[in-house]
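Me: Please take a close look at one part of this model for me. I would like to read about its pockets, step by step.

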There are 2 protein chains.
Amino acid sequence: MNFSGKIGSLGEKWGNAVAHHVGEDIRSLRKTRAMTLAQLAGAAGRSVGWLSQVERGRTTPSVRDLEQLADLLGVNISFFFRSSRRAPEEQGLVLRAADRPTIGSDESGLVEELLSPTLSGSFEMIRSVFAPGASSGDPRKARPTEDGGVLISGALTMWIGGTEVHLYPGDSFQFAGAPYAWRNDGSEPAVVIWVVSPPIY
Amino acid sequence: MNFSGKIGSLGEKWGNAVAHHVGEDIRSLRKTRAMTLAQLAGAAGRSVGWLSQVERGRTTPSVRDLEQLADLLGVNISFFFRSSRRAPEEQGLVLRAADRPTIGSDESGLVEELLSPTLSGSFEMIRSVFAPGASSGDPRKARPTEDGGVLISGALTMWIGGTEVHLYPGDSFQFAGAPYAWRNDGSEPAVVIWVVSPPIY
DNA sequence: AAATGAAAAAATCATTAGATTTTTCATTTT
DNA sequence: AAAATGAAAAATCTAATGATTTTTTCATTT
C-alpha cells in the first residue's frame with residue numbers, strides 16, 4: 001500500500017518549528033517539576049505573561065533567557081535543539097536514534113537516553129544501559145509512578161519492593177510505586193527499554 | 001550490593017497464586033472491554049455476586065466456567081496460566097520471555113506478544129513483529145489511546161496521522177489518538193517494542 | 001464449597017462554587 | 001518591530017454534593 005504525505009521532500013518550508021517546540025518543551029519540563037508559571041518566571045526574573053507567551057510560541061526568548069530557563073529546569077540548552085535537523089512533520093512524532101538526548105541519571109554505571117520524541121505524553125520511553133559490575137545505591141525511594149521495561153541484551157538483577165529477580169534478554173517487568181534497585185553482575189552492558197508513567201523528565 | 005528476599009529458593013510455599021491471579025486477569029480484561037459485572041455475569045449465565053467473588057479470588061470458578069469467561073473475553077484459557085510455573089513473588093511483576101502470550105492481532109504479517117506481566121497497569125508493553133513484505137490494511141481508526149514504540153531491528157514504514165516516516169533500528173515514535181498504518185518493505189522482520197496507554201488488551 | 005439474590009457499601013459521574021493558574025491584550029520598554 | 005510588562009478575563013483545578021451505577025457483602029439455597 002502507498003501512503004500519502006511523504007516527508008522530507010525537497011523544497012519543504014522549514015518554518016519556525018524549533019521556536020515552537022521549545023515552548024512546549026519548557027512547559028512539559030516545568031510541569032514535571034511541578035512549577036507554576038509564576039515560580040519559573042520569577043526565578044528567571046521575567047513576568048508570568050512573558051513565560052506564558054514563550055511556552056505557547058507567541059514570542060521568542062533570547063538565547064540568554066533560554067539558557068537561564070534550561071538551567072532552572074536542569075537541562076542542557078542543547079536539549080531544545082535535539083531534533084532541529086529533522087523535518088518539522090517528524091518533530092514530536094519520531095526521535096531518531098542519532099538524536100536521542102542523554103538525560104538525568106547522576107548515577108555512575110547508568111546511561112539513560114530519552115526515546116520519547118515528545119515530553120507532553122502520558123508516558124515516557126527511555127533507553128537505559130547498565131554498565132557491567134555497576135549497581136544502584138540503596139533502593140531508591142518509591143516514585144509516584146508506574147515503571148515497566150524489557151531487557152534487550154545482557155543480564156540484570158533487580159530488587160523490586162522486596163523481591164529480587166534475575167532478568168535475561170526478553171524478560172519484562174512492571175511495577176507501580178515500589179522502591180527498586182539494580183545490579184549488573186554480568187560482563188556485558190545490560191540494555192533496557194524502560195517506560196515511566198507519568199513522565200518524570 | 002546484596003539484596004534480600006531472593007526468590008525461587010526451595011521449600012517456598014506455592015499457595016493458590018494462580019487462582020488469585022485469574023480473578024485479577026478477568027477483572028482487567030472485563031474493564032478494557034468496558035463491561036460491567038452484570039453484563040459479563042449475565043452472558044456467562046452466572047450471578048453478579050458470583051463473578052464479583054471470582055474476580056476477587058473469594059471463590060474459584062470451575063474450569064468450565066473459566067473456559068466460558070475466556071471465550072466471552074476473547075482470550076484463550078491458557079492465557080490465565082501463562083506464569084503458573086513461576087514463583088508467586090514473580091507473578092504480576094516479571095514476565096519471562098518464554099511465557100509471553102500471543103495476543104489479539106487478527107492481521108496477518110503481524111505477531112503481537114504481551115510483555116506486561118500485569119494487565120492492571122496504566123500502560124501495556126507489547127512486542128510486535130512485522131513480517132517482511134507485510135502491511136496493515138487502511139489506516140486503522142484512531143484509538144483513544146497514546147501509543148509509542150522503539151524499533152529494535154529491521155526497518156518499518158509507518159504512516160501516522162498524515163505523516164509517513166521510515167524507521168530504522170533505534171528510532172522511536174510516540175503519538176496520541178491518531179490513525180496509523182504500517183508496512184514492512186524490508187527483507188527481514190521488523191521488531192518493535194510497543195507501548196499503549198491505557199491498556200487495550 | 002459453589003452459587004444465588006438482595007441489601008448495604010462503595011465507586012462513579014455530573015454539577016457547582018471557589019481558588020488558583022494561565023491567557024489575553026493594551027501599554028511600556030528595549 | 002519585537003520583547004516585556006501588568007492587570008483583567010478566561011480557563012483549569014479542587015473540593016464538595018447528590019444522584020446513579022456498580023460492586024461487595026452476606027445470609028440462604030443448591
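Reply: In this predicted model, the second largest pocket has a volume of about 270 Å³. Its lining is made of 19 residues. Nearest its centre lie Ser105(B), Glu112(B), Arg140(B), Arg143(B) and Ile200(B). Several strands of chain B build this lining. Those that give two or more residues are E3 (110–114), E4 (124–130), E9 (180–183) and E10 (190–197). E4(B) gives the most, with four residues. What kinds of residue line the second largest pocket? Ten are nonpolar, three are polar and six are charged.

Now turn to the largest pocket. The volume here is about 390 Å³. Its lining counts 22 residues, and the closest to the centre are Ser105(A), Glu112(A), Arg140(A), Arg143(A) and Ile200(A). Chain A supplies the elements that give two or more residues to this lining: strands E3 (110–114), E4 (124–130), E9 (180–183) and E10 (190–197). Which of them gives the largest share? That is E4(A), with four residues. By kind, the lining of the largest pocket splits into eleven nonpolar, four polar and seven charged residues.

Methods
Residues are numbered from 1 along each chain as its sequence is written. Chains are lettered from A and ligands numbered from 1 in the order in which they are written. This is a predicted model: local features need pLDDT of at least 70, side-chain atom pairs count only at pLDDT 80 or more; totals for chains, interfaces and linings use all residues. Side-chain values use heavy atoms; hydrogens and water are left out. On a 1 Å grid over the protein atoms alone, a cavity is a set of points where a 1.4 Å probe fits but cannot get out, and a pocket is an open set with protein on both sides within 12 Å along at least five of seven lines; lining residues have an atom within 4 Å of a point. Grid points are joined across faces, edges and corners, and a volume is the space filled by probe spheres set on the points. Ala, Val, Leu, Ile, Met, Phe, Trp, Tyr, Cys and Pro count as nonpolar, Asp, Glu, Lys and Arg as charged, and the others, Gly among them, as polar.
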